[in-house]
Amino acid sequence: MTAAQPQLDIEVLAKSFHRNKGRDVRAVDNVSLRMEKGDFVVLLGPSGCGKTTLLRCVAGLESPDSGRISLGGETVYDSALGLEIPPERRNIGMVFQSYALWPHMTVAANIGYPLKMAGAGRAETDARVKRMLDMMRISELANQYPGQISGGQQQRVALARALARGDDMILFDEPLSNVDAKVREHLRLELLAMQRELGFAALYVTHDQEEAMSLATRIAVVADGVIHQIGTPQEVYRTPRNLKVAKFIGSANQLDGTVVNDGTGPAVETPLGRIALKEAALPSAVGSRVSLISRPERWRISMDRPHAAAAWPGKVRASAFLGPYNQYLVDLGETELQIWQQGSHPLPIGSEVWCQISADDLTAFVSDSAA
Amino acid sequence: MSRAIASARRAPDGFLVISAAISVFVAALIIYPLGWVIFDVLFADWRFDSAPFVALSQESGLGALLLNTIIAIGAASAVALVIGSTFAWLSERTDVGMPFLGKMLPVIPLLIPPIAGAIGWVLLAAPRAGFLNSWLSSLASLVGFGQVGPLLNIFSWPGLIFVYVIYLTPHVYLSVAAGLRNLDPSLEEAARMSGARPLTILRDVTLPAVAPAVVSGGVLALITGFALFSVPVIVGGQGGIEVLSVRIVHSMIASYPPKTGVALLLGMAIVVLIGSSWMLQRAILRAGRFATIGGRGMRSAKVKLGAWRWPARIVMTSYLLISSVLPLAALAIVSVQPFWTANISFQHLTFKHYAALFSSNSFASTGLRNSVLLGVAGATLGMLIAAVISFYIARNRGSRLAGLIDAATKLPAAVSHLVIGIAFISAFAGAPFHLHGTLAILLMAYLVLYIPQASLTASAALAQVGKELVEASLIAGASTASTFMRVTLPLMMSGLTAGWTMLFVLTAGDITASAMLAGNRNPVAGFVILDLWTNGSFPPLAAFAMILTALLSTVVIVTMAWTWRRL
Ligand SMILES: Nc1ncnc2c1ncn2[C@@H]1O[C@H](COP(=O)(O)OP(=O)(O)OP(=O)(O)O)[C@@H](O)[C@H]1O
Ligand SMILES: [Mg+2]
């Protein structure tokens, strides 16, 4: 338990499921992940990519096939040694998607249960439960049963229970997906404040990108059981490592083309014509297929032809006012672009417009044939 | 929806009229005989008649009778509750890993009718000629204990309770296993993450959360036990342990004229016992809170049994042996013996009892044929009627007539088969219907007896169809009748098939009503079995029980395989 030890250390963990009458699914495919104290790592990825499975392996609720997991320097799973510590001895808190509050116990009894199991005395448990209730601002609910309180309140109780023992590692499996948008936003901020205050390490699963961006110190983008990229929200958004990550995070426009170089400098031949790019920005050699990814908010549209070199004429096919910005779908010949731009009045459908973007905002990736 | 209402207002919907008529007819078929028998016995000539009470007070050993019933069924239900709940927990929540057993357990009473199982256990553990006794005593002399007397005696208190337990356990299992399956596993996982060990979780979380299922399993066992006639008539009779159900049937058939008054009042005692069981259930359930907060996470971390895995497997397998394999084996052996003996000799094997059963127009083969006929007719009619009634009730929720019909279809479960049997005899056997001993009275009685189960499965099947699908069809302009025929019925099919199977098995294997209502002219399987039992002709009895079991299990397995394939 030295300070230098990472809070969570997962090494080449693998877990496959056998589907009925089907091939095996590699739900977790040789994943390695290391978390320090105070880290807030969000696992983000499409449905069925193995996020829950990874989380449950850490919890001990699922038996991995191979690999190693250690918590605070203590090994809890090691396939080579045949070691597997059961979940009740791992000292991890967990918030379940369905909250999993015990319907026959009061709110206070629910929160106090982990302490009771840890052998804490009555007085100590009561004091700690009271502190948790105060912290979550639900003191008046102590003697209610879970069936008598609202969804948002249940969520707070579930959180309080997970934190009650003061564990250094807390797991969250889509904890906010059952509450409505307003409450969700509020709880998110509370959770963030709580985590920064108590300093536990959090491993958090969600589908919701906004949630991931706002909570994470680091986001791990998972697809097909593999972590494709892990980094700060800014890194993952601005400099995605591959096409999969780029397309999964945020909204993206994709332009497919071929790398060319006719002597004047490297460029990509696309349906919109030839787009010049810096040598360093190109992932592969002349003649290979690449995809240019751009974010909708990096595009500009105007009614007049801009002076910039790279601009394309198009026609607005759809237009919506979203408050902070307007959302457009613009046809540039065969190509369709999604563009977000501020403005008090959205341009009407059918407008003839000019679209432009700086070459720096186009990121080139090697095309994947599946995409 | 609004269009459906509008058109309903313009002209009465023919289909709803027909289904209302069917529902009312069935309700009448249930209520009329019950009302009639109570009136006829207690208020003949429009004034209260105390004669039945006098007759009852002259009955011998009433106190012992009541006590026997409560002790035997209470003890058996308690044991069944423990065994059934344990098995349910093992197969739903641990890595014991015996999916076949989990599927088999609840259907054992359907595969092997209790009467066959009870007879099988008589053959195994009767004091003199029981197979197990003879094997055990030769084993004892082999290992040097010398000559020992019979070790097992099925005709005893433990024997009677034991056979009850075999047949009550599946009811508990079914209820508790369903409760566990519906329980969000993350409730238990949350407890594990809180540091609780598996047995602590069982005590603190699982048991309290499935308490309603456990309690209703126990109450189901009690109710089934009170009404069960086959087990005590076989096992208790010889042991001199008489219970209520046996005395009731005997009051109706063993004396002439039937002591309807006594039977009815004793039947009322059973109704009271059943009612008290329900009150007990409500009292227990009111004390706690059980609303489960639903969740999506439907996989659960299985409890690892470790060293206990094999003992658990052995215990579960033993139950399968005890409840089905052993009694069936005993029946099979005796059915090919010239006479029942514990000395199995292969030279004297004979199939003559089977041959006699199939020889044309013997008493037994007529009984079997009638039972199959009644089973098919009763199950088909019963499920159709139940489907129509459940549809009618669902479409007219809130109306007083629908409420009345709903209550009427539940009534037979509350008043027990015995009372229904009595009511049918006194209402339909004599003038003006003169249906005594006919197949018609049997068919009507079976329909009424099993309508609660039938409408339960039908309304469960209907609930699965979902209101939107029906409404979408009505909006699309289909009449109520074609909505029922084209949307509701096809979607209910797999549920109805399961219900049909259950109804067929219960009807074809029925003992209670058959004992009271069938006659020598129109025997049915249950009647034949009791007749053979009374005559003490064991090999033909065993052969008949084998055939009946084979028939019922074939139907169950075929329809189960059919519905599984379609799912
Ligand atoms: N018990 C199981 N048996 C067979 N396959 C399973 C089992 N549990 C999960 N899987 C499969 O493993 C894969 C990963 O599942 P997992 O639940 O981890 O995905 P997820 O990323 O959490 O998805 P979601 O975002 O929808 O919750 C899926 O393809 C799933 O079908
Ligand atoms: Mg998941």
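In the predicted model examined here, 34 residues of chain A are in contact with 30 residues of chain B, where contact means that heavy atoms lie within 4.5 Å. Local features in this predicted model need pLDDT of at least 70, and side-chain atom pairs count only at pLDDT 80 or more, whereas totals for chains, interfaces and linings use all residues; side-chain values rest on heavy atoms, without hydrogens and water. Residues are numbered from 1 along each chain as its sequence is written, while chains are lettered from A in the order in which they are written.

The area buried between chain A and chain B comes to about 2,600 Å², and carbon and sulfur atoms give 57% of this area; buried area is here the accessible area (1.4 Å probe) that two parts lose on being put together, summed over both. Of the area that chain A buries against chain B, 23% is supplied by Glu88(A), Pro103(A) and His104(A), more than by any other three residues.

Two salt bridges are counted between chain A and chain B, each defined as a side-chain nitrogen of Lys or Arg within 4 Å of a carboxyl oxygen of Asp or Glu. A salt bridge joins the side chains of Arg56(A) and Glu189(B), with an N to O distance of 2.9 Å. On the side of chain A that touches chain B, the elements giving two or more residues are α1 (51-59), α2 (107-117) and α4 (151-163) of chain A, with helices (H or I, at least four residues) and strands (E, at least two) taken as DSSP runs numbered from the N terminus.

As a whole, chain A has eight helices and 21 strands, and its C-alpha atoms fill a box of roughly 75 × 50 × 45 Å along the principal axes. Of the 371 residues in chain A, 49% are buried, that is, under 20% relative accessible area (1.4 Å probe, protein chains only). Among contacts in chain A between residues at least 6 apart in sequence, 65% join residues at least 24 apart.

Terms used. Buried means under 20% relative accessible area, exposed over 50%, partly exposed in between (1.4 Å probe, protein chains only).
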